[in-house]
Each structure stands twice: as structure tokens, then as C-alpha cells.
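Subject: Handover of a structure and notes on it

Dear colleague,

Please find the structure below.

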Amino acid sequence: MLKYLEELDLQPVGLAVQKLSRRAFLGTGAAFALGAFATRGEAFPKWPTGGEKMPNGLRDDPLIFVSIDADGTVTLVAHRSEMGTGSRTSLPMVMADEMEADWSRVRIVQAEGDEPKYGNQDTDGSRSMRHHIQAARKIGGSVRHMMQAAAAQQWGIAPEDVVVENHAAHHGGNTIGFGELAEVAMAMPVPEHDQIVYKSEDQFRYMGKGEVQITDLHDITTGKAVYGADVTVDGMLYAVAARPPVVGGQVISFDATEAMAVPGVVGVYELPHSIPPAGFAPLGGVAVVAENTWAAMQARDLLKIEWDDGPHGTYSSVPFMEEMKATALEKGAVLRTRGEPETAFSQAAKTFGQTYTQDHMAHIPMEPPVALASVTENGIEIWAPVQSPYTTRTDVAKALEVDSANVRVNVTLLGGGFGRKSKADFVTEAALLSQEVGAPVRMQWTREDDIRHCFYHTTSAERIEVALDEANKVTGWRHNSVAPSILSTFAPDSGHQFLIEGGMGHLDMPFDIANVSIENGEAFAHTRIGWFRSVSNIPRAWAIGSFVGDLAAELGKDQRDMWLELIGAPRTVDIAAEGFPEAFWNYGESNAEFPIETGRLANVLNVAADGIGYGKALPDGEAIGLAVHRSFVSYVACAAHVRVQDGEISIPEMHLAIDCGYAANPERIRSQMEGASVMGMTVALNSSITFDRGAVVQSNYHDYDVVRADNFPGSVVTHIIEHPFSVHATGVGEPGVPPVAPAIANGLFLATGQRKRGLPMGTSV
């Protein structure tokens, strides 16, 4: 998304992209290099991904990512943030595998925010493995070849006669460990891509095995893991803030007399306010700085603030939803046309349509936003749980009017992120206050702060209509999506979504229908809109998946048969022939390398359905719902066993089938699908942010609930479609969420006869 914004010259605040020459890159140094810089080759150029098009692109230089101690300890740099997805494990695992390192002798360190050095560090968009697996193999393969060359030099033989295996070089009866070879090996020239003989798939030691546990597992489970709020430095102070209840509002006046009387309070400061579109700039408000968080929170409650609510003070989500639903019934701006949809509808034997809605949603990661900043005359140092450390660095530099080279961002573990921690407003707040008070400051958000001042998932109304012939075959499809756009966070609001949002389950509707009209109606944003795990795929999968169930019921067909009929015979979607716009956004990937393949979509549907035993007899009040969706160039199906007992909805069993190309780390894929089942169920039953007079109504888990331990899916089974390494690894972190809600809705309808068309559906019927 950020790359697209740069092309539009609508770059978010503080997200400057540095274009470095080779000379400039050399000048940055390499923290873990044990030798001179060598020319960097491209990683697997025959398998291009969108990684090189991301801000600051890719890096595959082993002298940046690898160091080896004399005792043989291999240190690998993880340049992606860890929030449970396993990025900090999986990419180093690929490096270790290709270099033949013994995983028990590998140490992983987290990179600071420095994209000119490490390449793109935005841990979002389900891109970590998709974009970096080839670079990671290049890094590992380079080290293996350098070890080979060093051992060959010592033995006086040809490098090809040396075998590097299991943390050592071997020839005949001779063996030299990595530690003994390290100094010489890492000073060897770094080989180009085409000079490396990469391991064949049957030689992989870790990739594809699913045996490597998440690196931080022991520390997380024993309480030793370091999250944002665990970092302390000498002399630090603590801050909380009262922020405008309405986005775009600002302080008229405030009285801090009572707040200043609270023991431990150091000062009360007004934060600079921002008016949308402001990117990730803080909202503003009044901050209390104290010697502990308790004093700061007590003092904040005593502040007397008069607010100007600004232009969004009349926003109410209930009438706004009715406006969106009315707009969805009208013809929207046409984004994609296939065939002659107007003719198909005018000549139809009958038509059928329904509207599906979704409220705003907040991310509510278990760890609320928190950041520690220390601003001194020597520079700025940050410790924070952020998904985009370099964006954080440049945002802070912009706000404090310093060169970004003087800002260091240390990335802690994230206690969940889901897109919220891609936005560094809370970090900028901490830095501004540290600058003001002349001491390190931790800005701590409470759960109430998090829920009431989020970058919310957009609300939407999705209208789908079909034209049917005399045989009840679908001859026409119209889908009008009405939702405020994420782009409103960065640029003047046009009231329409842009192509990135269109590429998430809307423009790329894969059904084999002759006549299609994909449309977008007008809706203006009245709050901060931000990306949320799966982004616009959630409302589109919700609408399309629910509609397939509705249509099956309308036509008296089985839901699986209805899905397969609409998907049609296996084909690779010809985007030009099927009316896609020329600028169609395919998650930043080449349409040729990552095409829409309907055979893979149908296959995961059948695997999930067969896995759960679809069609088996169930007691009254129970049924199995199905849904399938392609997102982040992966294919995921959900089969949800829904039970309604005493009016309460539960999910005793759920099967998820995922086709994500080559499955590099099956253990993390299963974990992500299990997490997606819980988050998807929360989206389906619980998640609703509403507004009254511009302010968020909800405040904590009592009124913005989540699926809890007594009602999460009882059994989650993940089916991973196996592929050889030659099939691109694709997204995993986000694609599991979208099909869950429509699968539950379809199961609920079959179990009870009640059709829910609004998210959340509620926990009871």
C-alpha cells in the first residue's frame, strides 16, 4: 500500500523512501559483517515477487545478516517483527537450512529499524516469507559457499570437493567446524546468485518439516520475553494522555490544577493535534507525565478539558449504515465489467439479491500500544513493539524535526499487532514528551485508549445481486461495495475506495460468470481508517460467502454444490479477458507469477469439507457451514461445525484448508490457522465499534468482547496443501480469517433457519 501511495504522490506523513546508491549503502556499515562488502546479487530472479518493489526493496547480503563466532555460534539477524506469526523464526530457519547450520547452535537477534541496511521491514501484508524466502536462501547459500571456499583453501583442494554439512566442512576424513573457518570464510568474496549451487528439496534439513519451534517460545511461556512495557532505563518517567474523543477534534482549554496535585506527577503537557488526513500522526490532547503509571492515570482523570469536536462531531454509525445500505442499492462507479451485465439482468428469468454489512472493528492486541523514548542531545532512542520500525523511525524524525539518521528504533516482541502496530502514533507521543521533559518517557495506552483511539477497520455495506435464467443458472453478477477508504487517512477523501482495496475480494471475484459488474459506491470516512488483519477481504468474503449460502437456499441446492458451480471448471483467470482493470492490484505481485487459479480454490473447499465429514448426519440445532476465499495470493477454505444449544452459538469443530504454495514452516502455518479461527470467530460474533456524536461508544472487553476460553473452537484441524519448492510460497498470516465468518453464518442458517447478514452476528439466536 505504501508503495502505491508513493506512486500517487500521496505518501503518508513521515514515510520517506530513501534511494541509496551503492556508495551510500557502503557508508552505512554492516553491524555483523566479518569482511568487506561484496556486490549483492539478486535472489532467484527467475522467480520474481513484489518484494523488490517495496520501499527499500530486498537485501540478501550475508555480511549484513550473518556472523559466526570462534566457538561456532551462528548469529542471524531477523529484520521482521515478531508478533506470533513466527517471522523471527522462519526466515532465519531458511538461512540456517541453506547454510547447513545446526539450529541448536543458532542465535537470533532482532534488527533495529534501518531499511537502507536491511531492506523493507514492514511486517504486514502476509509478505515475510513470500517476499524474503529467496533472499534468505541466497544469504544461507552464500555462507555455505564461502565456507566451502575457505576449507578448500586450507586443504589445498578444489572447492567443489568440499562438502559443507551440519555446521562443518568435510573432505575425506577431515572436518573443520564453522567456528574455525569463520574468520577466513566471511572474508571470502560473496558469490553471485548464479554461482551458488542451492540445495535440492530432498536435502532440506528444516524447511518443510514443521519441527522448528518458534524461537521465543520458552521465554514467552516462562515470562522472560521482553515486550514493549518490559523495557526500563534509568531515570524514566511514565505518561498517559487524554485524547480528543472525536477524530479531528482539539483542545480549547484545560485546567490541570487538580492533576498536578497528585503525588508523583511531574507535569501536564498539551500534545500537538492533527486534522485528517494526517497519516500516522498522533491525535493530540493533554498528556500527564509522572513517576509511575498509577499516578499518571489518576491525574488524567482529574483533568478538566474543553474540547472542540470538529467536523465529525455529528457522526453516528447507525444512520450512517443506513445511508451506506441505500447507496449500495444504487449503481456505483463501475470498476470491472465482463460481458454485458445490463443485458443479463434485463433479460433474466428472475433476479435475487441481498445486502451484507459490517461494523467498524478495533484490533485489540493483548498488549495495548506502548513505547519508551529517550531524546538527548546525542539523538533519539526508541524501544517499542512496532510492525514497521523504519516507518516509526521516519515518523518520529519528522515530528521532532531531526534527521532520521539520529533516530534508533529497537524492536521488542509484539503482544499481538494485527495491523495496529504498523502505525507509530503512540511512539511519536513518547518522543515528543521525552523531548519536552528532558528524560526518557514511556507512553502507556490503556485498553480504553486502545479501543477509543484506534485506526479502525472500515465499516461497509455490500450489495450482491444475480441474474438467473430459466434453469436457475447464474448469468449475471453485480456487487456494489460501499465503505470508507483507508486512503482517507493519507489524502483528501474522495469517498471512494482505491485499487488496493478493490483487489481484496472485490475486483478479483473468481466465479466463472459470463456477465459481471463490480462497483463501488460513495462513502466518506468520519474516523481514522487503518489496515486490520485481512483488511477489505473480511467484508468481501463475508458478503460473497454468505450470499452463496443464501443463493443455495433460494435455489434449493447444496451449499458445496453451489460453491463449485459458481467457481466452475479449473482455470487460470485471464484478467484481461474477464474485464479486470489494467491497473488491477494483485497484492503487489505479478499476475503471471501469482495468477488466480480456480482449481486451487475449489480444491481447498473440498479438502476442508471432506476433512470435517461434510454431509454426515448431525443432531437438531447443528450443521456445517462452508466458505472459501483467495487473499494474499493464498487459498483458504473453512468448514465450521455450528451448534446452537439453549440459544447460544458454539463451534465444536472447525477445519481449515490452506494452499499457500510451498509450506516452508508447517508448524507456524498450523499455528496461524488456529489463531485465525479464533479471530475469525470473534469477527463473526463479537466485533462491533459504534459511534455516537463522533465518539466511540465501546471502551473495554465488557462491551467490545472477544471469543473467550469457554467458547473458542473446540477442535481446529488444519489441512496444508503440499507443493514442491518450485511453487511460490504465499501469504499465511492473514488469509485464514476471511472465510471463517461466512462459514459460521452458513452453518448457523442450516442449523436454525436464521440468516444473519450483519457483522457481528452476536453470540446467541
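The model is predicted, so local features need pLDDT of at least 70 and side-chain atom pairs count only at pLDDT 80 or more, while totals for chains, interfaces and linings use all residues. Residues are numbered from 1 along each chain as its sequence is written, and side-chain values use heavy atoms, with hydrogens and water left out.

The sheet

Helices (H or I, at least four residues) and strands (E, at least two) are DSSP runs, numbered from the N terminus. Two strands pair if DSSP finds at least two bridges between them. An open sheet is formed by 3 strands in the order β1-β2-β3, with mixed pairing. β1 and β3 stand at the edges with a single partner strand each, so one side of each has no neighbour in the sheet. From one strand to the next, the twist averages 25 degrees.

Strand β1 (residues 66-68) pairs with β2 in the antiparallel sense over 3 bridges, and Val66 stands opposite Leu76 in β2. The hairpin of β1 and β2 has 5 residues between the strands, and Gly72 there takes a positive phi near 95 degrees. β2 and strand β3 (residues 106-110) run parallel and are joined by 5 bridges; Val77 stands opposite Val109 in β3.

Is strand β2 (residues 74-78) largely enclosed or left open, and why? Buried means under 20% relative accessible area, exposed over 50%, and partly exposed in between (1.4 Å probe, protein chains only). In β2, 5 of the 5 residues are buried, so the strand is largely enclosed by the rest of the structure. Val74, Leu76 and Ala78 point one way from β2, and Thr75 and Val77 point the other way.

Helix α4 (residues 87-99) forms a right-handed β-α-β unit with β2 and β3. A crossover is right-handed if, with the strands pointing away from the viewer, the path from the first strand over the helix to the second runs clockwise.

A pair of helices

Two packed helices are described by the angle between their axes and the distance between the axes. Helix α18 (residues 559-567) and helix α19 (residues 598-612) pack at an angle of about 170 degrees, and their axes are 10 Å apart. Axes are lines fitted to C-alpha atoms, for helices over the stretch in contact, and angles run from 0 to 180 degrees between N-to-C directions. The angle makes α18 roughly antiparallel to α19 (under 35 degrees counts as roughly parallel, over 145 as roughly antiparallel, 65 to 115 as roughly perpendicular and the rest as oblique). Contact means heavy atoms within 4.5 Å; the residues making it include Trp563 and Leu564 of α18 and Leu601 and Leu605 of α19.

Backbone sites

Most residues other than glycine have a negative phi, and most peptide bonds are trans. Phe632, in the loop between β21 (622-631) and β22 (634-645), has a positive phi of about 50 degrees although it is not a glycine. Phe632 is buried, with a relative accessible area of 3%. The peptide bond from Pro276 to Pro277 is cis, with omega near 0 degrees, and Pro277 lies in the loop between β9 and β10.

Yours sincerely,
A colleague
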